[in-house]
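Please look through the structure below before reading on. The paragraphs after it are meant for a reader who is meeting it without any background.

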Amino acid sequence: MEVKSGRSLFLNLLPLILTLMLFAAGIFFTILQSFCITGLSYKYPSPFYAYQALFGDGWFFKSWMFSMYTAFVSAAAATAAGAVLSWWIWNLPAGIRPYAFMQRIFLVLPHIAVAYIIIILLGRTGVISSMLYQAGLIRDYKSFPALVFTGSGIDVITGYFLKETPFVMVLVLGILAKLDPRIIETAEMLGAGKLTVFFRLGVPFIMPVLNTSFIILFIYSFGAFDLPYVLGDSYPGMLAIRVYEYYFQRGLYYRPVAMAMLSLIFIFSICFVAIYSRLVAKLDSDVRKI
Amino acid sequence: MKRRILFSVVIYNLLFALPAVVLLFYAFSSMWRYPDIIPRRFDMHGLSFISGEFQGIARGLGGSFLYSLCTVALTFIMTVLPASEFARRSFPFKHLAEGLFLSPALIPSMAFAAGIQFIFIKIGISDSTTGVVLILSLVSYPYMLRALTAGFQAIGTGYRECALNLGSGRLTALLRVEIPLLVPAIISGASVVFLVAFSEYFLVFLMGGGSVPSYSGYLFPFLNSSDRSAASTLTLIFLIIPILLFALTDGLVLRSYRKKGLS
């Protein structure tokens, strides 16, 4: 048996400690710059200039709420759909199960590619519009609602939904592999219907994974850039797009405003994870374990 | 009953494959107009576009491959020793440490990448492949860490102790005994890290500043262009290449296992 010392532990963890220091330094410089300490020679009226600019701007607030809304709806829908589809696959006969695999296309496709697919599917002259026209449900492309390049958020939500559902399925199928099918058989023998089995046995079993996926997906969609950038929604638009504008397009003077938004996004993410996991822990302790 | 199940699986696969089919239609037809459900005629516009733009595409793909593979290698080096500790030893604040080490995958990457770009400019590695690999490693190493920790847990400590008892050094035990046993875990971690790195657009754009060639950067301007045939063909490449790569890795690993009589 080896002698295990704190020193060897520290040495073995060192690569990640250094990595985490880079991460912390990144956050530090983002926050520092948000207080107008940029190392550049611009003069700001006050160190809180960027935050004052943000809080005085109604657009920022709308953009924040819009990001929360799209992130919440897409993450919740993807988590629910991922749970239901995984349950369906898990209940297939073992020989057929491996053949339900096509969702993986969306695991492989990058966010920018999924966004492009949304444009060609949901655009006014897109595939879905064509199908509705051929089915005689709309008169021409003008009667198809403008979903892309507008502020509805449906394009962003659909995009994230398609990209994220397979991700949830990977996690849920991983945990379902550990569920003993005999429990289900017993429940069915005792007269439980399919819905009861799903909601009373399946859902509680996969709930921890669903909570984790929801947290990951919500925060990701809240702050990510790639997908909404391709979809190009203008107003109110996702926060990441606003950050990009302030960071790259408005000149260096306005960079602290971008940094302030990023600092707020960072603080919000931390708080969200903390509060959500606290809530889940509390709910868990209230519910009787099977 | 069985027929109904098979039918539902087919429908399921078709629904998820629909977007890829649409991309294929566009790739093989420059004449797909509203409101046709199927293109009026098929042509080779997409393919001839690729052969015409071959140099740009190859440059982008080459760049993406280079920094993605470097990211896979770096994340492996970063996480292999920490993963062995997390899998096998309990120490104070272990849960907190694990949570902290996984956090870069959770926090929106823009928030720390913007600050890190500031640092990289100061130390002169912005606009370089080094910078791109570092930032991509920072957002993707948690996946490698998770996979390797699970791998170390699965193989246990027995093999390592045997090797050490038989007189091997720690490094030899790691390189000759444990890492070969870890191959399946390494592959699953590496696949995710590769996908994250290969797919990323913004971070490469931010840290590479246009001077690091990438396929996502090459593809981007086409996505909002009117030439849907070209854009769709290029997007299909984004789908096909990782699939080919994963199939290839799986095949190679399976073959090496067969050679050793392990499967």
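This is a predicted model: local features need pLDDT of at least 70, side-chain atom pairs count only at pLDDT 80 or more; totals for chains, interfaces and linings use all residues.

Residues are numbered from 1 along each chain as its sequence is written, chains are lettered from A and ligands numbered from 1 in the order in which they are written, and side-chain values use heavy atoms, with hydrogens and water left out.

Chain B contains 11 helices and 0 strands, where helices (H or I, at least four residues) and strands (E, at least two) are DSSP runs numbered from the N terminus. Read from the N terminus, its order is accordingly α-α-α-α-α-α-α-α-α-α-α. The C-alpha trace of chain B spans about 70 × 65 × 35 Å along its principal axes. Of the contacts in chain B (heavy atoms within 4.5 Å) between residues at least 6 apart in sequence, 73% join residues at least 24 apart.

Of the 263 residues in chain B, 50% are buried, a word that stands for under 20% relative accessible area, with exposed meaning over 50% and partly exposed in between (1.4 Å probe, protein chains only). The accessible surface of chain B, by the Shrake-Rupley method with a 1.4 Å probe, comes to about 12800 Å², and carbon and sulfur atoms hold 67% of that surface.

Where is space enclosed? A cavity is a set of points on a 1 Å grid over the protein atoms alone where a 1.4 Å probe fits but cannot get out, and its lining residues have an atom within 4 Å of a point. There are 2 cavities of 30 Å³ or more, and the largest cavity holds about 50 Å³, a volume being the space filled by probe spheres set on the points, which are joined across faces, edges and corners. Residues of chain A and chain B line the largest cavity, among them A:T125, A:S130, B:W32 and B:D36.

Two single residues complete the picture. In chain A, A:H111 belongs to helix α5 (residues 111-122), and A:H111 is buried because its relative accessible area is 15%. Leaving aside residues up to four places away in sequence, A:H111 touches A:Y160, A:K163, A:Y220, A:D226 and A:L227. In chain B, B:A17 lies in helix α1 (residues 2-27), and B:A17 is buried, with a relative accessible area of 11%. With residues up to four places away in sequence again not counted, B:A17 touches A:M102 and A:I105.

Terms used
On a 1 Å grid over the protein atoms alone, a cavity is a set of points where a 1.4 Å probe fits but cannot get out, and a pocket is an open set with protein on both sides within 12 Å along at least five of seven lines; lining residues have an atom within 4 Å of a point.
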